[in-house]
Amino acid sequence: MSLTFTRMHPFFFAAVSDVDLASPFGNDILVEILNAFAEHSVLLFRNQILVDDSQIAFSERIGPLEKNITVTFGNSRPEISKISNVDINREVLKKGSDGEIFLKGNSVWHTDSSFKVVPALGSALSAREVPPVGGETEFADMRAAYDLLNEKKRKFIQNSTAVHSFAYSQNQMNLDGRYKVTAVMSDEELEALPPVQHPMIRVHPESGRKAIYAGRHASHIVGRSIEEGRALIRELNEFSTQPKFVYRHKWQVGDLVMWDNRMVMHRGLPYDPIYRRVMHRTTVAGHAENNPWVIRGKVA
Ligand code: OGA
Ligand code: MN
């Protein structure tokens, strides 16, 4: 058996046919999937009947999984992040509630776990319940954005390191002063996420492709004033998410989309909260050796 990959965007994102991710498929198939993942950065698998155990089992074949940063949302397992507007009592989160605002962070362009010392390699999001309209997820190809970035900025980010901070990105959600991340996460959970530094360019270990690495958790740039760094990060985020770099995925129940957090950014689009939207995510951990900062053994 051999898989078919259909590119959905000129630069990235391919749909994969004919594989049941819940089955114990052979390593030959896994290699095909991983090669395609290296090439297309985002893969869509339709019609997957997954439960948490089979989603975890498939994701673990790619690499060790991250654990959740909080226990608040009543996830069934530490390896499953519920990206859901339905709370543990099966009720839709109220607009303006802390949980709803926390979730809304996903609507700002980002790359998962960039606030961790070792950020995520990949994420796999499984659609369990989807709204009939809205709630799409957009992806931006940061490799294509890097390739088309002007020479001056490319040189600048080549030698630059950004500070990524969960506290910073959460505070951005607190613009009217009502939201408190401490209502969602414990002091211990928050203290486990101090600011970290990452290079502003990521290099794919197999394809050698380079990508801009920024997103909403990037707060500022080492060696520049906060304002200057923040302005440049905003500019890079805006440049990289121009329509020509973006693919919008319209979800169907049974879709599993897997993306490379080193090479793409993503965001969730709004939807009417009369609808339920339940997505389960597994997150493949990155490799420490990708981050020279970690090798030097300190966290800023
Ligand atoms: C995520 C995420 C966006 C969405 O799962 O990491 O950002 O559309 N999701 O749910
Ligand atoms: Mn995300």
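Here are some notes on this predicted model, going through the metal site, the ligand and a few other places one by one.

1. **Ground rules.** In this predicted model, local features need pLDDT of at least 70 and side-chain atom pairs count only at pLDDT 80 or more, while totals for chains, interfaces and linings use all residues; side-chain values rest on heavy atoms, with hydrogens and water left out. Residues are numbered from 1 along each chain as its sequence is written, and chains are lettered from A and ligands numbered from 1 in the order in which they are written.

2. **The manganese site.** Which atoms hold the manganese ion (ligand 2)? The coordinating atoms are His110 (NE2), Asp112 (OD) and His266 (NE2), at 2.1 to 2.2 Å. Donors here are N, O and S atoms within 2.8 Å of the metal (3.2 Å for Na, K and Ca), and since water is not among the atoms, sites may look incomplete. The spacing of the donor residues in sequence is H-x1-D-x153-H. Distant parts of the chain are linked this way: aspartate 112 sits in the loop between α3 (98-104) and β5, and histidine 266 in strand β14 (residues 264-268), 154 residues apart. Helices (H or I, at least four residues) and strands (E, at least two) are DSSP runs, numbered from the N terminus. Aspartate 112 and histidine 266 are both buried, where buried means under 20% relative accessible area, exposed over 50%, and partly exposed in between (1.4 Å probe, protein chains only).

3. **Ligand 1.** An oxygen atom of ligand 1 is 3.1 Å from an N or O atom in the side chain of aspartate 112, and an oxygen atom of ligand 1 lies 3.0 Å from a polar side-chain atom of histidine 266. For arginine 281, the distance from a polar side-chain atom to an oxygen atom of ligand 1 is 2.6 Å. Taken alone, ligand 1 exposes 290 Å², and the protein buries 99% of that; these areas come from the Shrake-Rupley method with a 1.4 Å probe, and for residues only the protein chains shown count as cover. The residues around ligand 1 include Ile83, Asn106, Leu125, Thr137, Trp259 and Arg277, a residue being counted if one of its heavy atoms lies within 4 Å.

4. **Glutamate 138.** Do have a look at this one, in strand β6 (residues 137-141). Glutamate 138 has a relative accessible area of 6%, so it is buried. Its side chain makes polar contacts with the side chains of arginine 248 (2.9 Å) and arginine 267 (2.8 Å). A polar contact is a pair of N or O atoms within 3.5 Å; within protein, one must be able to donate a hydrogen and the other to accept it, and residues adjacent in sequence count only if both atoms are side-chain atoms.

5. **Histidine 198.** This residue belongs to strand β8 (residues 196-199) and counts as buried because its relative accessibility is 2%. A polar atom of the histidine 198 side chain lies 2.9 Å from the backbone oxygen of serine 114, and the backbone oxygen of lysine 116 is likewise 2.9 Å from a polar atom of that side chain.

6. **Helix α1.** The 14 residues of α1 (residues 27-40) should span 20 Å at 1.5 Å a residue, and the end C-alpha atoms are 20 Å apart, which agrees; the expected span is 1.5 Å times one less than the number of residues. Its buried residues are Ile29, Leu30, Ile33, Ala36, Phe37, Ala38 and His40. Among the elements covering them are β1 (4-7), β3 (42-45) and α4 (142-148).

7. **Positive phi values.** Three places may interest you. Aspartate 18, not a glycine, has a positive phi of about 60°; aspartate 18 lies in the loop between β2 and α1 and is exposed, with a relative accessible area of 58%. Serine 113, in the loop between α3 and β5, has a positive phi near 60° but is buried at 5%.

Methods: Contact means heavy atoms within 4.5 Å.
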